[in-house]
Amino acid sequence: MAIPRFWREIRQRYKGIGSTCNACGKMYFPPRDICPECRRESFHNMEEQELEGRGEIVTYTKVHEPHPEFKDLSPYIMTIVEMEEGVRLTGHIVDVDFEDVERGMEVEASMRKLGEESEEGLIYYGYKFWPIDTHRPE
Amino acid sequence: MKTEKEVGIKGYAGYVPKYRITPKEIGDVWGKDGEAMGKGLRIEQKSVPAPDEDVVTISTQAAKWAIQRAGIKGNDLDAIYVGSESHPYAVKPTATIVAASLAASPHMTAADYEFACKAGTAAFQTCMGMVSSGMIKNGMAIGADTSQGAPSDALEYSAGAGGAAYVIGSEDLLATIERTCSFTTDTPDFWRREGEKYPQHGGRFTGKPAYFKHVTTCTEKLLEETGKEPEDYDYAVFHQPNGKFPMKAAKKMGFSKEQIEPGLLVPKIGNTYSGAVPLGLAATLDQAEPGDNILVTSYGSGAGADSFDIKVTENIEKIEEQDVPKIEDVTTGEEYISYAVYAKYRDKIHGGG
Amino acid sequence: MQCMLNIEIRSMEVDDLRDVAIIGIGETQIGELWDKSLRELGIEAGLKALKDAGMRGDEVEKMYIGNMSAGKLINQEHIAPLIADYAGLSEVPSTRIESGGASGGMALAEGYKSVASGMDDFVVVGGAEKMTDVGEQEAKDILSSTADQEWETVFGATFDSLYAMMARYHMDEYGTTKDQLAEVAVKNHENAAKNPNAQYPRETSKDFVKSAPMVSDPLGMFDCAPISDGAAAVALCPVEKAESFQTEPVEIASIGQGGDNLAVHERDDIGTMEATKRASEKAYKREDIGPKDIDFAEVHDNYTITEIMAIEDLGFFDKGEGGPATEKGKTKLNSDISINTSGGLKAKGRPVGATGINQAVEATLQLREEAGDRQVENAEYGLIHNIGGTGASAIVHILRRWS
């Protein structure tokens, strides 16, 4: 991914900055300029909101044939997570056994390396997920 | 050195990757008795970062928890210094990425530090001075590393990964930093040349003229300045390249095993370099009580040592109610990996990308 | 998230548009065609279609080419005039249409509109993709580029993994099983075995499909369509002019297009393709028929799960019944509804941007009763369904036997 293209969205990838429609209160991530529900009423009426970073797994898969950029992590687990704010994100779930992953599992976002341009190139960082109890023993 | 104004630790947290490898597993690959080497070094296992972990990710996680513990937001930080000898970029600061991840930037200052294993405590001193002088209200000092030993080198048995972040301020302190002092010389015991992947070291030269001389001289200087004796401290944390050195140094200076044990993490996570003393201090604070005195001495090859005289306040009691993991929480639940997986994770397989 | 706009679907009056017929079809072999270039494939399919229509070529007023990614696959953009030129039709206006895997279907829709509107009488619509000039991994990465690059793939999602997450969701939500997924592949191979143009004209077994190496759990290698080269073309004209060219023209009776969020995670029900539902509902409404009236369908089966979702979302089976119906053989040739008689993308092959036209070729063969061993009996209506990416765009055409 081109440098400016990644850089432009650093705040979203590092901090989970989305947008909320002031007309209906629904949050979007990545941020949208227009709320698909309210349309006209949402013009210039979308406000930045940060995700708290917690959610639960909606679906998941174990990837055995990754993009070459991710081969060191292979096999890895991809998930779609529904955040507490209602938005959904696609990301890795790390530090977990595939057998333990299930729909509804509570997870928390943590920043990891997403990839890199090349060995000499830019490193891309962004959110991944781990089970919420990973570092919080009962 | 004493600050004009009272400064101290407002928040702290550590992070250690989940994966572990044992000296036996490493020794088996190289035809050495790894178990015996581990016993000699007092290292049972060392932490290994996943391929998607580095000093940036370790620092950001620790930093996120540290500000949570301090009860502040990212933009309450006026400075971030990250000390490491394994910054992912040779040029391009780790600190700017950490700052962005906390939304601490842009109206703040940031920089990366390097002083072998004591880059983290160098960041402490910078923040202390800046807070004390009134230049900043809150500063963040981070020590983190994912250092590597060359395959089959003695360092390979001990080089681990981890780090800790501290919010240094002057109000609502969990502990005050009463005094600090340093000892600095040109002692070439360990180095890594620009562009090289693995460090070089002077073998046994890293011991007496390097680690022991600097740690003991600096610690004794601090004791002299504070007028305290080893027994006046409830805890002591010394740099821990292995389990043997800090035990030996402590004994020599008159500190007991009980004083240093809570902060001695190296047997379970290996040498986390710039992360070692910050993590050891964090583990100590996790179990400290109001009024406890803690002595800390870091060591960085090349060489230097920083000592700190720390006094725990009654605010320490509030950490029990916080939803911030303690060091015990981030160092347990380990997963053991084979040397093959370790080689893959640490980019030791050529052509593996 | 769903679009809450309440716009009544406009039902075109028959009088508004001209009826459109397919008067010629042509397709190449599908497979790893090492000795054929994109332009050769496009020309071969186009000339076959013209020949089948009994046209000389100078009748052609416009060309549309469905192609997903020539720019990335062979570093050649602007392929429509290229193919027109080498077909000896350099003066004919030509345009490439791109909508991911639905490129072929969308090109057919453009051709249909061009003729139906009265703007043109004779239009050739082709679909072509040359995927094997890059390595298999690169081809798969290019397929992934139809997903959201900034919010899916950069986070490690592959095209396979996005469909695998739909499959997992479908299994969790509706009880679909891996056996049922495997049955899709078994059936489509059974049909492909009767199709000389198929990439894999051979049968397989459920155990063999299930024993394949895992690609992205729960999808194994044989749950995925292959990487293929191939091209197909159809010639269109108004129905009233069709009979002078073709004794058995087939009518494009209806058309419907649907859209959905680009990223899979944005969808409320990850196990449903709303774009397919929207497209088919419009298509049924325009012809005033329902799914029960459809005799056979060529559905987009880039993965086994996609066929199961498609036969539900097209209304052939209730939600959650796609798997059990497949397992019970209800989608086999000449059963309740014959699905993917050609072998589908799964076994006939997947030259991505051509697939929609390959489907039109198969449906035309069926309605002309020229499908040989895989002929559907007494078929009046055939539906073809092509989707882009992970389902953000879908196009449905309903073809009818000319009587």
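Student: How many residues of chain A are in contact with chain B, and how many of chain B with chain A?
Tutor: This is a predicted model. Contact here requires C-beta atoms within 7 Å. On that basis, the two sides count 19 residues of chain A and 23 residues of chain B.

Student: Which element gives the largest share of the side of chain A that touches chain B?
Tutor: Three elements of chain A each supply at least two residues: α2 (10-15), β7 (106-116) and β8 (123-131). By class, this side has nine nonpolar, three polar and seven charged residues. The largest share is four residues, and it comes from β7(A).

Student: What distance separates the centres of the two domains of chain A?
Tutor: Domain 1 of chain A covers 17-50, and domain 2 covers 54-131. Their contact takes four residues from each domain. On the domain 1 side, three are nonpolar, one is polar and none is charged. Taken over C-alpha atoms, the centres are separated by 26 Å.

Student: And what distance separates the domain centres in chain B?
Tutor: Domain 1 of chain B comes in two stretches, 8-175 and 320-345, while domain 2 spans 176-316. Over C-alpha atoms, the separation of their centres is 16 Å.

Student: Which element gives the largest share of the side of domain 1 of chain B that touches domain 2 of chain B?
Tutor: In this contact, 50 residues of domain 1 meet 46 residues of domain 2. Elements giving two or more residues to the domain 1 side include β1 (8-15), α5 (119-133) and β7 (162-169) of chain B. The largest share, six residues, belongs to α5(B).

Terms used: Residues numbered from 1 in each chain as written. Chains lettered and ligands numbered in written order. Predicted model: local features only at pLDDT ≥ 70, side-chain atom pairs only at ≥ 80, totals over all residues. Domains from an automatic or database assignment. Nonpolar A, V, L, I, M, F, W, Y, C, P; charged D, E, K, R; others polar.
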